[in-house]
Amino acid sequence: MSGNIELLGDTLAKAKAENRAALIAYLPAGFPTVDGGIAAIKAVFDGGADVVEVGLPHSDPVLDGPVIQTADDIALRGGVKIADVMRTVREAHEATGKPVLVMTYWNPIDRYGIERFTEELAAAGGAGCILPDLPVQESSVWREHADKHGLATVFVVAPSSKDERLATITAAGSGFVYAASLMGVTGTRESVGEQAADLVRRTRATSDLPVCVGLGVSNATQAKEVAVFADGVIVGSAFVKRILDADGDETAGLAAVRELAAELAEGVRRVS
């Protein structure tokens, strides 16, 4: 069974052909429940997202801000397992035909087994993995299995990354490059900042891979700002916050994330 790395590439290429950035949304599996999380991802796709990243909840999400940490805690207390993550990917992809990735720290994969994880993710229709804490120099075994199963390996670059380091990371990655717009953890920000545009420019100088920007984007105005210089706009905490703000009202939560996706989808299309 082969994963959907080609679908991911085609989706990003289609957005570029339409002279816009792709909208990439993030939601954790198992939040607020496994079924509720699947419904939320479908709602985000309905609203206009091109790609969704499914978070694998972790007990020590060092790169995530308080909003996503809260969602992860809810999912973990609900007993979410890797099998639920795979089910989330499968049902979201089957329902929409759109690319779904998993974003995860390395430890859960290492414990689960690389071959088992990649085989199951491909069988679920997954497009790949975003691995924010896997050092590139230690990624060869993962990449071998991901390549075998048709899965993208998306690495994260940051404003602090030197040009030589960027070249090393982009040479090893596939699918797209995740450009963190600023130093720090995930969360909404008042401004995305000029660092992101410079990072995209420097990353593009090392690779033909699409460069997608995340961390801090939470509204249509910011999405438009980033869409001017990036191939994709990644939004996570803002979606999670909409569900948290619904305070257990699933209907209201689904309507809120669908509405936000529609606003952001309009933003990434207003490229000047």
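A search of the whole structure finds zero disulfides, a disulfide being a pair of cysteine sulfur atoms within 2.5 Å. Cys129 takes part in none, as the nearest cysteine sulfur, that of Cys212, is 16 Å away. The model is predicted: local features need pLDDT of at least 70 and side-chain atom pairs count only at pLDDT 80 or more, while totals for chains, interfaces and linings use all residues. Residues are numbered from 1 along each chain as its sequence is written, and side-chain values use heavy atoms, with hydrogens and water left out.

**Cysteines**
- The 16 Å from the sulfur of Cys212 to that of Cys129 is too far for a bond.
- Cys129 is buried, with a relative accessible area of 0%; buried means under 20% relative accessible area, exposed over 50%, and partly exposed in between (1.4 Å probe, protein chains only).
- Cys212 is buried, also with a relative accessible area of 0%.

**Helix 1**
- Helices (H or I, at least four residues) and strands (E, at least two) are DSSP runs, numbered from the N terminus.
- Leu8, Thr11, Leu12 and Ala15 are buried in helix 1.
- Seen down the axis of helix 1, these buried residues fall within an arc of 90 degrees, so they line one face of the helix; the arc is that of the directions from the helix axis to the C-beta atoms.
- Glu6, Asp10, Lys16 and Ala17 are exposed on the other side of helix 1.
- Helix 1 is followed by Asn19, whose phi is positive, near 60 degrees.
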